[in-house]
Amino acid sequence: MTTRTDRTAAVRIAWAATKLTRAGRHPIAIGRLAATVGFDPGEAHRLMELMGFDIRDGLVIMDRGSRPGTADRAGSDRYRVDLFLLAIATGEPVHADATCPATGARVRVHFTRDRVLSVDPPHAVVAASRLPGIDLTLGPDYVEALVCTQFFASKEAAAGWLLENIDGRVLSVPDYLAHTRRMVAALESWPTI
């Protein structure tokens with residue numbers, strides 16, 4: 001069992017790793033990551049493993065694919081790099097091309113760290129899971145940590161997903177980008193990141 005403090009620290013170090021590795025394209029030494037965030041290398045290693053990162057030969061490796069399920073959670077894309085975080089971390093535009101799991105409709109989204117450039121269909125939404133027990137600001141300006149799991153063609157199409165994911169949220173693409181920007185601001189306000 002991990003503590004809330006561990007989970008919050010793990011999210012913060014994972015964000016630093018995402019930025020430093022350019023979302024997995026450039027592995028980084030665990031010692032460099034630890035120094036960047038002000039942790040002991042052993043603690044950084046433990047927190048990175050808590051977040052599901054691989055550390056091979058002293059390098060942090062980001063696996064951008066799906067992870068297998070556990071006893072309490074089915075295997076899914078839940079652990080993929082959130083595309084909105086990817087845009088903010090790298091500064092590069094993102095083109096998402098997905099299939100709505102409820103309707104089979106194609107969903108295309110194009111955005112940068114600053115704004116949404118296009119959404120097709122226009123009412124497409126982001127289904128996002130809440131990371132429980134993680135308070136990114138540790139104060140009155142609480143920011144809920146959400147991770148994008150998939151796109152749906154509309155809010156109505158996502159209704160079934162919401163019933164199965166009671167801790168989830170469904171947001172418009174612009175609203176999810178705005179939320180992600182607030183979440184990143186909270187992550188980066190932590191003094192050691």
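Two strands count as paired if DSSP finds at least two bridges between them. Strands (E, at least two residues) and helices (H or I, at least four) are DSSP runs, numbered from the N terminus. This is a predicted model, in which local features need pLDDT of at least 70, side-chain atom pairs count only at pLDDT 80 or more, and totals for chains, interfaces and linings use all residues. Residues are numbered from 1 along each chain as its sequence is written, and side-chain values use heavy atoms, with hydrogens and water left out.

The sheet comes first. Its three strands lie in the order S4-S5-S6, open and with antiparallel pairing. Strand S4 (94-99) and strand S6 (116-120) are at the edges with a single partner strand each, so one side of each has no neighbour in the sheet. S4 is joined to strand S5 (residues 106-111) by six bridges. Which residue in S5 is the bridge partner of Asp 97? It is Arg 108.

Helix H4 (residues 83-90) packs on this sheet and touches S4 and S5; contact means heavy atoms within 4.5 Å.

Now helix H1, residues 4-20. H1 has 17 residues and reaches 24 Å from first C-alpha to last, close to the expected 24 Å, which is 1.5 Å times one less than the number of residues. Is H1 mostly covered or mostly uncovered? Mostly covered: twelve of its 17 residues are buried, meaning under 20% relative accessible area with a 1.4 Å probe, protein chains only (exposed is over 50%, partly exposed in between). Among them are Asp 6, Arg 12 and Trp 15. Just after H1, Arg 22 has a positive phi of about 55°.

Conventions
Axes are lines fitted to C-alpha atoms, for helices over the stretch in contact, and angles run from 0 to 180 degrees between N-to-C directions.
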